[in-house]
Amino acid sequence: MIAATDALVIVDPQIDFCPGGRLAVADGDAVMAPIAALAERFAHVVVTQDWHPAGHSSFASSHPGTQPFEVIAMPYGEQVLWPDHCVQGTAGAEFHPAILPAVARADLIVRKGTNPAVDSYSAFFENDHATRTGLAGALRDRRVTRCVFVGLAYDFCVGWSALDARAEGFEAVVLKELARAIAMPAPQSSSVDAIEQRFRTEGVHLNL
C-alpha cells in the first residue's frame, strides 16, 4: 500500500550502470521502465545521480598499480576501487532514457560523489558517514515517513541508502525485483548476502 507520506527513491538509474556502460550491472536496464511506471503512483519521487569529477579517488585509475574491484584503505574506511564511471558531463553519467518520465516528475535530484576525496554510495551520506547530502531534511520537510528504494546497485548504493534511511528515522523498503546487484564475491559471503544480513538486523523490509 502506497501512502502520501511515502517517497520513492530511485538510485543511480544511469547509463554507466546499465549494460554497455563503464560499470555495468547485469540486467540493469530491465528495471528502468517498470520503475518509471511505479513512480507515477508516488506523491514524492527522489532520484540520485552519481556525479564524479574526473580522477575521483574511488577510481582504480587514480591509484597506480591497482585494478578495478580491489579494496584499499582510505581515511574514511575501506574503499572498493571502481572503473572510471559517471564522470560529470559524460554520456555515461546521464539518466537512462526509460527512466526520464520519473526524473521529470521528481521532487529532488540528489547528486552524490562530487567530493573528489570521498566516495558516496548512500543518498543520505558520503562514505565518511558524517557528510550529509541534505536529503533527510528535505524529506522531513515534505512529511515523508517511509522511503521505498529501487535502482542500482542493490548491494551498494541502494542498500546503503536504505540503511541510512533507517538510521535517520525513516521506515525503509527495498523492492528487490526493481533493483539489480553487482554481487561481488567475498571471503565469507557475497556483497548481496552481506547487505541482506544488515537489512535483517536494522529493519529494512523487502516488500511493501
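Biologist: Which residues does H52 touch, not counting residues up to four places away in sequence?

Modeller: H52 touches S58, F59, H85, C86, V87, Q88, G113 and D119, where contact means heavy atoms within 4.5 Å. This is a predicted model, in which local features need pLDDT of at least 70 and side-chain atom pairs count only at pLDDT 80 or more, while totals for chains, interfaces and linings use all residues. Residues are numbered from 1 along each chain as its sequence is written, and side-chain values use heavy atoms, with hydrogens and water left out.

Biologist: Where is H52 placed, and why is H52 called buried?

Modeller: H52 belongs to the loop between strand 2 and strand 3 (71–74); helices (H or I, at least four residues) and strands (E, at least two) are DSSP runs, numbered from the N terminus. Buried means under 20% relative accessible area, exposed over 50%, and partly exposed in between (1.4 Å probe, protein chains only). The relative accessibility of H52 is 0%, so H52 counts as buried.

Biologist: What makes R143 count as exposed?

Modeller: R143 has 68% relative accessibility, and therefore R143 counts as exposed. R143 is found in the loop between helix 3 (135–141) and strand 6.

Biologist: Why is E202 called partly exposed?

Modeller: The relative accessible area of E202 is 29%, and therefore E202 is partly exposed. E202 lies in helix 5 and touches L163 and R166, not counting residues up to four places away in sequence.

Biologist: Which residues of helix 1 are buried, and how do you know on which side of helix 1 they are?

Modeller: In helix 1 (residues 32–39), the buried residues are M32, I35, A36, L38 and A39. They cover an arc of only 160° around the axis, so they are on the same side of helix 1. That arc is taken from the directions from the helix axis to the C-beta atoms.

Biologist: What covers the buried residues of helix 1?

Modeller: The cover includes strand 1 (6–11), strand 2 (44–50), helix 2 (100–104), strand 6 (146–152) and strand 7 (171–180).

Biologist: Why is helix 4 called roughly parallel to helix 5?

Modeller: Helix 4 (residues 154–167) and helix 5 (residues 191–202) pack at an angle of about 15°, with their axes 10 Å apart. That angle makes helix 4 roughly parallel to helix 5, because angles under 35 degrees count as roughly parallel, over 145 as roughly antiparallel, 65 to 115 as roughly perpendicular and the rest as oblique. Axes are lines fitted to C-alpha atoms, for helices over the stretch in contact, and angles run from 0 to 180 degrees between N-to-C directions.

Biologist: Which residues of helix 4 and helix 5 make the contact?

Modeller: Helix 4 contributes Y154, D155, F156, G159, W160, A162, L163 and R166, and helix 5 contributes S191, V192, I195, E196, R198, F199 and E202.

Biologist: What is noted about the phi of D12 and about the peptide bond from L152 to A153?

Modeller: Most residues other than glycine have a negative phi, and most peptide bonds are trans. D12, which is not a glycine, has a positive phi of about 50°. The place of D12 is the loop between strand 1 and helix 1. The peptide bond from L152 to A153 is cis, with omega near -10°, and A153 lies in the loop between strand 6 and helix 4.
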